[in-house]
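Hi everyone, thanks for coming. Let me put the sequence and the structure up, and then we'll walk through a strand, its partners and a couple of turns.

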Amino acid sequence: GNDLHSLSKPQLIARLLALQKELATAQHERRQAVNQLVEMKGAIRVYCRVRPPSPGAPSSCLRVLPDGSSLGITCNNQESVFNFNRVFGPSASQQAVYQEVAELVQSALDGYHVCIMSYGQTGSGKTYNMVGNQSGEGCGLIPRAIDKIMGSMRRLGLQGWDYKLELSCVEVYNNSVRDLLDSKAQHIKDMNAIKHDAQGGHTIIQGVEQVELHTASQAHALLQKAMEARACNATAMNSSSSRSHSAFMLNISGTHAPSETHLKGALCLVDLAGSERLDRSHAVGARKAEACAINTSLSSVGDVFEALSTKQKHVPFRNSKLTYLLKPCLSPGGKVLMMVHVQPEPASAFESLTSLRFATKVGGTELGQASKRAVMAGAPLAQPNPPQAAPAPAAAAAAGGGQGAEAGVSSSRRPATAGPAGQPHHPSPTTTTTSFWQLQAAATGAAKRCAQERGGSKRVGLG
């Protein structure tokens, strides 16, 4: 302390710059440690959340196992047990759920492309999970992420970081994109309006406004405006059913002058429209057309994950506006978390089972090691790592690849037990498991027939 008084002004400035560089190095090491932890948990993580039962519901077809990562579901007197990275029971709070995803939100500030998507049948609690209330205990993931980012920006500003945030809120409705922050916005049908930075930077949509954020209150007000503009209508299954997919897209640019570091991150929080069976939702006319479009786009999401999981050379991102919009996050180098939502009522058991199977397949998808978009002292922008070969099943299980795996289906309503190297062991030769991709093929065919006929009750979509 006293030694500082003997230093001249130039010496003090030099000392301050040296301390700033030391702090930047420490922050860099912290980011590495946090993101190594994220990558150790898997490229695509899957969490499951069980919606509380409806008032007066007689029973539940779901049971959360004590390990906190397994869920049992009974459908047609058969029980399946699924394993995920995390399972939240019906009593889980919004804060408990957010704590499990907070590190991913931080990764966006550190220069990564991050996507958190909420999936499940209509009425399963997806929008509550993502938005919830604007304040208080019921606050959802998006408002909490806003507060987290703004708070981190203030702290990092004291350490020499300068951040710029730009927000876009859009919906994908009937395979067209609409700006939710512009009340006079037109539906954008041209796929080429979606522009991805070839150097791994940000995504913009021509005709969609990007609003620079300065305060958390400003961001909350914009979120509220977007939610009020989103397409919603009543169906037999949900009195306020979202009829579009919504995306809260935050482009993040960070600069640290002392270390000459520039970061480009992105946080995309997606509330997918709920899949539905037309014979249960009783959708007709415009509502039926919406349901067909929703389920067809969800089938496109499944096609993308199938191509990624089987390491196909061509990934059909351009099959829908939704998948093309999410391309940077779903490509090698991105970080993805899917939250699958299920309902406990026995009447929804089939839909819940199909959603869980879809989430299982997503959990087995590897994007390769995540990479941040950063420039340090004039170096080129870091590019995503190339795709890596899929590991053998035993190696994947040893590395945590067993997450998101269906443990088995037993006709005696008995869950399967774990086999060698974490692989499922079927206790009975009568055990049967329907291939997810068989389900998807049937769903895709149903979607096409629905689009052609516009008549009759058909099962369409993924779940």
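Let's start with β15, which is mostly covered: nine of its 11 residues are buried. Buried here means under 20% relative accessible area, exposed means over 50%, and partly exposed is in between, using a 1.4 Å probe and protein chains only. Strands are DSSP runs of E with at least two residues, numbered from the N terminus.

Before going on, a word on the model: it is predicted, so to speak of a local feature we need pLDDT of at least 70, and side-chain atom pairs count only at pLDDT 80 or more, while totals for chains, interfaces and linings use all residues. Residues are numbered from 1 along each chain as its sequence is written, and side-chain values use heavy atoms, with hydrogens and water left out.

Now, who pairs with β15? Two strands pair if DSSP finds at least two bridges between them. β14 runs antiparallel to β15, joined by 11 bridges, and there Ala247 sits opposite Val270. Strand β6 (residues 113–120) pairs with β15 too, in the parallel sense, over six bridges. Val114 has Leu267 as its bridge partner in β15.

Next, the turn. The hairpin of β14 and β15 has four residues between the strands, and Glu260 takes a positive phi near 55 degrees there. Glu260 isn't a glycine, by the way. Is Glu260 buried or partly exposed? Partly exposed, at 48% relative accessibility.

Asn77 is another non-glycine with a positive phi, about 65 degrees. You'll find Asn77 in the loop between β3 (70–75) and β4 (78–83), and Asn77 is exposed, at 56% relative accessible area.
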